Amino acid sequence: MNPPAGQSDARGTLLVGSIPAPDTHEAVKLALTELGPTLMCIPDGETGSRSQWVSSIIAELRNHPAVELEHDGRWSNYNDRPRYRVRRGATLDPDLLRLGYDAAFQQSRPVLNGLLAEHGLAGATYQVGLASGFDLALLAFGPVAALRYRKAFNRAVSREIHSIRRNLDYDVVFQIELPAELVAVSRAPGVLRAVVTRWMAGVSVEPAALAPNGTKFGVHLCFGDLHHKALMIVGRNCSPTVQLANAIVARWPRHTSLAYMHIPLAAGDAAPSLAQSYYAPLADLSLPAGTRLVAGFVHDALSEDQLREVLNMVESIVGGRVDVAAPCGLGRRDAATARDLMRASRHLAAAETP
């Protein structure tokens, strides 16, 4: 593989989104203090009810006139969640779906502006995390109904993207988060994997296809991190992840740009592998010019020396420097662990290449 397209000599760092902190100010202050100018883009920390990814969006469905609750759930695990159905004869109107991305951004924007100016980073790129319509529909209504209702959620996502861009003078990247899609590809049997991969790639790019011209996106592939547990046991190598990433690139809509591709190389409480064979499929990764490769391997189960060993293996295989990140958001970790992972990311970004 050629060196990662769009990759610079200097490594950057990425925070997937959530940061354990009481509010936006404390979350962003921690991120800027620990990572500062190495950050590729600045999230608002997704604090409060947003710290548990989409649970607040799913809860808001209780107020949708076309939706009724089948049974409740406490999110103690992936199956213990609220389940809904659309009322007989009703339509899931996307104009009545409130996802909260726009409202959260408008609330956090003055805080981010102030902190960025304080740290000499005014004009930095903002980051807004988005669940795909398929993931939202799957979690809310189950797998069969997700096929029917994902487009309503994606139209609601599109409406909020338009709103943020319309009221923003600064640069912003929208991060599409895809755990269900990656798990589906990873679990698909060999004879069906190619078909599942193509279909999931098409589902994955729908938010970008509905976005206005010139919108910047990042992609965060993920195995899930509820209570710091993944949706599945990671396989023998990262081949399914690479296959889905390549398929997403092949389907990417030309009127928007793909700023980065985040590849998870660990999952939940499972540490990154120290075997080079796990990372070998990265040689087949094909990203377009201008798209940065973010390796998601910074994990507290390994020492910094071991993490540097992983980084060296990854960069040797892809043929160039990569940006560094944790496999998922840090919001499910305690503050001390999150700080340690940020510091490890900064040290890795500055590490010399062997």
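Author: What follows is a set of questions on a predicted model, each answered by setting a value against its cut-off.

Reader: Why is E177 called buried?

Author: The cut-off for buried is under 20% relative accessible area. E177 has 4%, so E177 counts as buried. This residue is found in strand β5.

Reader: What is E177 in contact with, beyond its neighbours within four places in sequence?

Author: The contacts of E177 include V16, E46, W53, G129, L130, A131, S132, D135 and H220.

Reader: What makes the pair E177 and Q175 a polar contact?

Author: The limit for such a pair of N or O atoms is 3.5 Å. The side chains of E177 and Q175 are joined at 2.9 Å, a value within that limit because the limit is 3.5 Å.

Reader: Why is E46 called buried, and why is W53 called partly exposed?

Author: Buried means under 20%, exposed over 50%, and partly exposed in between. E46 has 11% relative accessibility, so E46 counts as buried. W53 has 27%, and therefore counts as partly exposed.

Reader: What is noted about the phi angle of E46 and of W53?

Author: Phi of E46 is near 45°, a positive value in a residue other than glycine. Phi of W53 is near 55°, again positive and again in a residue other than glycine.

Reader: How do you know that T215 is buried?

Author: The relative accessible area of T215 is 1%, and T215 is therefore buried, the cut-off being under 20%. T215 lies in the loop between α8 and β6 (216-221).

Reader: Which residues does T215 touch, and which side chain makes a polar contact with that of T215?

Author: Leaving aside neighbours within four places in sequence, T215 is in contact with I161, R165, F174, H255, T256 and S257. The polar contact is with the side chain of R165, at 2.8 Å; the limit is 3.5 Å.

Reader: How do you know that the span of helix α7 is close to the expected one?

Author: Helix α7 covers residues 190-204, which is 15 residues. From the first C-alpha to the last, α7 reaches 21 Å, and 21 Å is also what is expected at 1.5 Å a residue.

Reader: Which residues of α7 are buried, and what covers them?

Author: The buried residues of α7 are R193, T197, M200, A201, G202, V203 and S204. Their cover includes α4 (133-141), α5 (143-166), β5 (172-178), α6 (179-187), α8 (206-209) and α9 (239-251).

Reader: What makes up the lining of the largest pocket?

Author: The largest pocket holds about 760 Å³ of space. It is lined by 38 residues, of which W53, Y78, L139, P179 and L231 are the closest to its centre. The elements that give two or more residues to this lining are α4, α5, α6 and α7. The largest share, five residues, comes from α6. By class, the lining of the largest pocket has 20 nonpolar, ten polar and eight charged residues.

Reader: What makes a space a cavity rather than a pocket?

Author: In a cavity a 1.4 Å probe fits but cannot get out, whereas a pocket is an open set of points. The structure holds three cavities of 30 Å³ or more. The largest cavity has a volume of about 130 Å³. Among its 16 lining residues, D44, R50, Q127, V128 and G129 are the closest to the centre. Two or more lining residues come from each of α3 (101-118) and β4, and α3 gives the most, with five. The lining of the largest cavity divides into nine nonpolar, four polar and three charged residues.

Definitions and conventions. Residues numbered from 1 in each chain as written. Predicted model: local features only at pLDDT ≥ 70, side-chain atom pairs only at ≥ 80, totals over all residues. Heavy atoms only, no water. Helix = DSSP H or I, 4+ residues; strand = E, 2+ residues; numbered from the N terminus. Expected span 1.5 Å × (residues − 1). Buried < 20%, exposed > 50% of the residue type's maximum accessible area, 1.4 Å probe, protein only. Contact = heavy atoms within 4.5 Å. 1 Å grid on protein atoms, 1.4 Å probe; cavity = no way out; pocket = protein on both sides within 12 Å on 5 of 7 lines; lining within 4 Å. Points joined across faces, edges and corners; volume = space filled by probe spheres on them. Nonpolar A, V, L, I, M, F, W, Y, C, P; charged D, E, K, R; others polar. Polar contact = N/O pair within 3.5 Å; in protein donor to acceptor, adjacent residues only side chain to side chain.
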